[in-house]
Amino acid sequence: MSIETVDAVVIGMGPGGEDVATRLAGAGLAVVGVEGRLVGGECPYYACVPTKIMVRAAESLAEAHRVDALAGSARVQPDWSPVATRIRDEATDNWNDAAAVERFEKAGGRFVRGWGRISALGEVTVATAEGDRIFHAARAIVLNPGTAPAVPPIDGLDGTPYWTNREAVTTTSVPRSLIVLGGGPVGMEFAQVFSRFGAKVTVVVRSRIVPKEEPEAAELLAKVFDSEGITIRSGVDTTRVEHDGEQFTLHLSEGEPLRAQGLLVATGRRMDLSALGIGAVGLDEHAHGIEVDEYLRAAEGVWAIGDVTGRGAFTHMSMYQARIAAADILGAATEPARYHAVPRVTFTEPEIGAVGMTEEQARAAGLTVRTAVTDLTASTRGWIHKAGNAGLIKLVEDAERGVLVGATSMGPVGGEVLSALAVAVHAEVPTATLREMIYAYPTFHRAIEATLAELR
């Protein structure tokens with residue numbers, strides 16, 4: 001079998017992979033992009049984009065219900081069909097990546113549909129429908145494999161028509177009742193969306209919801225969910241799943257079994273490093289991820305970006321790393337990757353925006369910590385907003401240096417308010433300087449000033 005020599009091979013054309021491949025091709029390199037699923041990855045087809053279309057639609061229903069408290073009266077009739085149509089036609093082109101492939105090829109890259117693996121130093125073998133193709137990457141191999149839904153080994157679950165995020169996004173109807181297994185951002189967003197479209201929703205979690213966020217945020221979200229009729233069963237394990245052809249039954253470690261028409265499994269993501277063949281370059285195929293340096297170098301001639309690096313399964317992380325990796329491959333000056341101010345947003349209502357460390361993480365790191373929490377409803381803008389105004393601001397300060405190392409902005413447009421806090425954490429702006437700022441009135445972000453005053 002002949003071996004074709006190119007400058008770079010990118011395995012995995014998710015957002016970061018597509019970006020780094022496009023940057024390298026734009027710089028004049030001969031680049032092959034390899035993807036077995038859809039160019040663009042999970043984000044535009046099954047995650048970020050379609051789910052936010054769902055969230056936006058659900059928010060419009062919730063806001064319509066608030067008319068009675070604010071502006072007269074309104075009658076609301078949920079209809080999922082416009083949502084499903086918009087996802088299919090506007091967001092995903094019926095889950096077709098032809099436009100993305102064309103975009104990459106117009107940028108100068110070559111696309112190969114298949115599954116790539118490192119087969120030797122500087123060599124990639126791609127399994128395609130027509131057979132294997134082998135490429136010698138003279139300059140770089142970039143790994144951006146992404147992840148797939150992780151399904152726990154629960155007795156009876158295998159073989160049932162459960163959903164992951166992929167089936168939830170492609171559904172054309174809303175179940176009468178739904179059990180959501182998992183309390184992370186994915187599970188929480190879907191739980192609220194389907195509840196607002198008429199499903200009776202129960203969330204089952206082993207510990208607490210949004211476990212990676214501040215406990216104050218989790219407590220407030222639980223209160224909002226309760227007010228919307230969403231039940232949370234926390235501190236329990238699912239021991240067995242049954243499906244009788246019409247409904248699911250979940251047996252729990254405590255309490256009565258739960259029954260619902262639908263079951264959404266949102267218990268995290270998984271990756272298969274062995275399928276990448278990284279052992280060929282001396283990397284551990286049984287590790288939980290690929291260790292990289294500050295320029296995303298994983299081994300000689302190999303770079304890794306995205307979920308596989310363990311720095312957060314976010315599109316914005318993959319894109320951030322792609323820029324640095326591409327510059328390093330091209331020999332251009334670039335800053336090293338820094339992760340002290342990684343932002344994240346859970347698109348529930350209220351929205352949870354967070355950046356940097358939580359209080360628990362800061363204390364575990366041995367910092368001298370000062371914190372403050374303020375209630376957004378007590379702010380002038382919160383009072384004006386009235387219905388749907390739940391939220392909070394939490395700041396985590398390294399008291400010895402006098403800078404914020406973490407923050408949470410929860411509430412209406414919490415992810416947008418987060419931007420000011422993300423700048424403060426990233427640039428290590430002294431809290432003394434933040435106190436001297438002028439905060440526009442009456443805005444949600446003005447609550448940052450009140451929270452700074454409470455730091456102690």
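## Annotated positions and an antiparallel sheet

Glycine 116 is found in strand 4 (residues 115-120), where strands (E, at least two residues) and helices (H or I, at least four) are DSSP runs numbered from the N terminus. This is a predicted model, in which local features need pLDDT of at least 70, side-chain atom pairs count only at pLDDT 80 or more, and totals for chains, interfaces and linings use all residues. Residues are numbered from 1 along each chain as its sequence is written, and side-chain values use heavy atoms, with hydrogens and water left out.

An unreviewed UniProt entry lists Lys52, Gly116 and Asp307 under "binding site"; such annotations may be inferred rather than shown by experiment. The three span 256 residues in sequence and their farthest two C-alpha atoms are 30.7 Å apart, so they do not all gather at one spot.

Lysine 52 lies in helix 3 (residues 48-65). The table gives relative accessible areas; buried means under 20%, exposed over 50%, and partly exposed in between (1.4 Å probe, protein chains only).

| Residue | Relative accessible area | Class |
|---|---|---|
| Lysine 52 | 25% | partly exposed |
| Glycine 116 | 8% | buried |

Contact means heavy atoms within 4.5 Å. Not counting residues up to four places away in sequence, lysine 52 touches Ala47, Glu189 and Phe347, while the contacts of glycine 116 include Ile11, Val34 and Leu276.

Elsewhere, an open sheet of 5 strands has the order 18-19-22-21-20, with antiparallel pairing; two strands pair if DSSP finds at least two bridges between them. Strand 18 (343-346) and strand 20 (369-375) are the edge strands, each pairing on one side only. Strand 21 (residues 392-398) pairs with strand 22 (residues 403-411) over 7 bridges, and leucine 395 stands opposite alanine 407 in strand 22.
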